[in-house]
Amino acid sequence: MASNDKSVDDSLYPIAVLIDELKNEDVQLRLNSIKKLSTIALALGEERTRSELIPFLTETIYDEDEVLLALADQLGNFTSLVGGPDYAMYLIPPLESLATVEETVVRDKAVESLRTVAAEHSAQDLEIHVVPTLQRLVSGDWFTSRTSACGLFSVCYPRVSQPVKAELRANFRKLCQDETPMVRRAAASKLGEFAKVVEIEYLKSDLIPNFVQLAQDDQDSVRLLAVEACVSIAQLLPQEDVEHLVLPTLRQCASDSSWRVRYMVAEKFVDLQKAVGPEITRVDLVPAFQYLLKDAEAEVRAAVATKVKDFCANLDKGNQVQIIMTSILPYVRDLVSDPNPHVKSALASVIMGLSPMLGSYNTVEHLLPLFLIQLKDECPEVRLNIISNLDCVNDVIGIQQLSQSLLPAIVELAEDSKWRVRLAIIEYMPALAGQLGQEFFDQKLRGLCMGWLNDHVYAIREAATLNMKKLVEQFGMTCLFCLNMLAEVCGTDITTKVLLPTVLLLASDPVANVRFNVAKTLQKISPYLDSSVIDTQVKSTLEKLNSDVDVDVKHFASEAMAGIAAGM
């Protein structure tokens with residue numbers, strides 16, 4: 001008998017510990033206890049988890065938000081611990097309670113877990129247990145429960161009977177018309193995903209009127225979420241239905257009094273374009289795009305400017321060039337001189353991508369003048385975005401034309417009287433060199449880089465040195481010759497700390513010519529190196545090169561070792 005009592009005590013121990021820790025004043029202890037729920041459930045077994053643990057948790061949902069969040073997360077993975085899908089309904093009560101709390105993060109996690117658990121129910125159990133839960137949330141007194149309800153429609157709807165589907169559509173309509181803006185906002189955010197599971201006839205008869213109503217809501221936070229739903233709805237409807245059911249609302253959103261709504265339209269514009277097809281794009285979206293490009297708010301112009309390349313790329317290929325030249329480029333030209341730097345920077349990041357679409361002639365005639373303006377812009381980010389995307393133009397018009405058009409502007413900036421302008425070009429030089437290639441760099445830009453080393457401003461000389469280091473990493477042997485001269489200018493400290501690591505890096509280059517030039521460079525810069533690094537780094541590198549498989553590398557490494565030894 002005593003043995004039986006002991007086994008009962010042992011089986012009760014885990015739940016006793018949990019209860020003690022959950023009642024502890026220390027939040028961290030309570031949190032740790034919640035995170036160990038799965039272990040405790042395993043110890044209790046499926047039946048006792050259902051009959052003791054879950055009811056206990058349901059009754060004690062009054063805690064810090066951090067603890068409730070952990071609980072909502074844990075319960076989403078609890079189906080197997082209560083006995084599998086046949087017993088998943090036991091998890092509904094605690095999650096329903098969590099879905100009504102005040103803290104948004106907790107509610108969202110509870111809804112996420114409810115969706116997971118609902119998907120594990122059979123169709124019959126779904127109607128018996130999950131749908132009533134959804135209906136209770138819909139008719140809850142507090143807005144918190146009604147906002148949570150919005151997230152459950154799409155997971156329930158596909159698997160229930162027709163009468164229940166009709167009820168769910170009516171409930172969703174009720175939430176779209178709720179007096180509380182937070183509920184309407186939640187309904188608008190879930191409208192798109194609900195639309196994807198509703199039959200097409202009910203999408204037209206039930207959900208589109210909800211969409212139109214939300215898009216005209218007096219709260220802009222609701223209207224902007226309706227824009228997201230617009231994309232999903234347009235993807236589901238035939239073209240003719242899009243034209244008369246969706247487009248009027250879309251036009252209204254594009255000219256909405258709130259800049260936040262217009263911003264959302266700009267953000268979703270390419271998705272909308274793909275959803276409605278080329279004909280509606282040509283007739284309706286191009287004018288809307290123009291409208292947004294000249295919007296009064298800089299945030300909207302910046303958002304739509306980033307879409308210029310993608311919008312143009314998705315135009316019908318048959319009249320793509322004509323639409324860009326006549327309907328888009330005049331507005332883009334205005335944005336190049338926009339008073340807001342964020343707008344100009346956003347445009348500069350994509351404008352080069354128009355070159356492949358417009359071809360060589362149009363690029364030279366119409367785009368290059370815009371690139372030149374941007375290359376001289378006072379905003380450094382605009383200049384960097386142009387220089388970083390030169391390869392798009394290079395592929396279309398060729399390096400010769402590019403150098404004739406843009407190189408004079410780059411040289412002009414490189415020799416500008418304001419040292420900060422010169423500094424900006426130095427910082428862009430590795431990116432520019434990478435875009436234009438080694439041959440072009442050797443012919444046109446290497447002289448500039450060397451000239452900066454003798455600049456009268458220290459900051460320019462320092463930046464030029466770091467610039468050379470980056471160029472060596474990019475071009476290897478070509479810039480090793482520059483480093484030989486750099487050491488004379490820079491002195492021991494910079495040569496040791498900045499130049500030497502780059503030279504040593506090239507010692508393992510796969511090209512033999514680079515490796516033997518490393519040996520020659522090490523010998524030439526050795527007088528400008530700290531004696532300690534010659535012993536610890538230079539000699540060990542030369543010894544490695546002296547055992548190279550290439551004869552020339554071995555020869556020059558041996559010469560360098562002898563030369564350094566003689567000079568010490």
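Tutor: Let's start with a rule: a disulfide is a pair of cysteine sulfur atoms within 2.5 Å. The model here is a predicted one, where local features need pLDDT of at least 70 and side-chain atom pairs pLDDT 80 or more, while totals for chains, interfaces and linings use all residues. Residues are numbered from 1 along each chain as its sequence is written, and side-chain values use heavy atoms, leaving out hydrogens and water.

Student: Why is Cys230 too far from Cys253 for a bond?

Tutor: The closest cysteine sulfur to that of Cys230 belongs to Cys253, and it sits 6.7 Å away. The limit is 2.5 Å, so this pair is too far for a bond. By this rule the count comes to 0 disulfides.

Student: What makes Cys230 buried or exposed?

Tutor: Its relative accessible area is 3%. Buried means under 20%, exposed over 50%, and partly exposed in between, using a 1.4 Å probe and protein chains only. Cys230 therefore counts as buried. Cys312, with 0% relative accessibility, is buried too.

Student: How do you know whether Gly45 is buried, exposed or partly exposed?

Tutor: The relative accessible area of Gly45 is 23%, so the label is partly exposed. Gly45 is in the loop between helix H3 (37–44) and helix H4 (46–59). Helices here are DSSP runs of H or I with at least four residues, and strands are runs of E with at least two, numbered from the N terminus. The C-alpha of Gly45 is 8.9 Å from that of Gly83, which is 38 residues apart along the chain.

Student: And what makes Ala288 and Ser327 buried?

Tutor: Ala288 has a relative accessible area of 15%, so it gets the label buried. Ser327, at 17%, is buried as well. Ala288 lies in helix H18, and Ser327 in helix H21.

Student: Which residues does each of them touch?

Tutor: Contact means heavy atoms within 4.5 Å. Setting aside neighbours within four places in sequence, Ala288 is in contact with Ala254 and Phe269. With residues up to four places away not counted, Ser327 touches Val286, Gln290 and Gln322.

Student: How do you know that Ser355 is buried?

Tutor: Ser355 has 0% relative accessibility, so it counts as buried. Ser355 belongs to helix H23 (residues 355–375). Leaving out residues up to four places away in sequence, its contacts include Phe371, Cys392 and Val396.

Student: Why is helix H19 called mostly covered?

Tutor: In H19 (residues 298–305), 7 of the 8 residues are buried. Among them are Val300, Arg301 and Val304. The cover for these buried residues includes helix H16 (259–267), helix H18 (278–293), helix H20 (308–313), H21 and H22.

Student: What makes H21 and H22 oblique to each other?

Tutor: H21 (residues 320–336) and H22 (residues 341–348) pack at about 130°, with their axes 9 Å apart. Axes are lines fitted to C-alpha atoms, for helices over the stretch in contact, and angles run from 0 to 180 degrees between N-to-C directions. Under 35 degrees counts as roughly parallel, over 145 as roughly antiparallel, 65 to 115 as roughly perpendicular, and the rest as oblique. H21 and H22 are therefore oblique to each other. Val332, Leu335 and Val336 of H21 meet Val343, Lys344 and Leu347 of H22.

Student: Then why are H5 and H7 called roughly parallel?

Tutor: Helix H5 (residues 65–75) and helix H7 (residues 104–119) pack at an angle of about 10°, with axes 8 Å apart. H5 and H7 are therefore roughly parallel to each other. Their contact includes Leu68 and Ala72 of H5, and Val106 and Ala110 of H7.

Student: What makes H14 roughly parallel to H16?

Tutor: The axes of H14 and H16 cross at roughly 10° and come within 8 Å. That angle makes H14 roughly parallel to H16. The contact includes Leu224 and Val227 of H14, and Val261 and Met264 of H16.

Student: Last one: where does helix H13 bend?

Tutor: H13 (residues 200–215) bends by about 40° at Leu207, and Pro209 follows within four residues. The bend at a residue is the angle between axes fitted to the seven residues ending there and the seven starting there. Leu207 is also one of the buried residues of H13.
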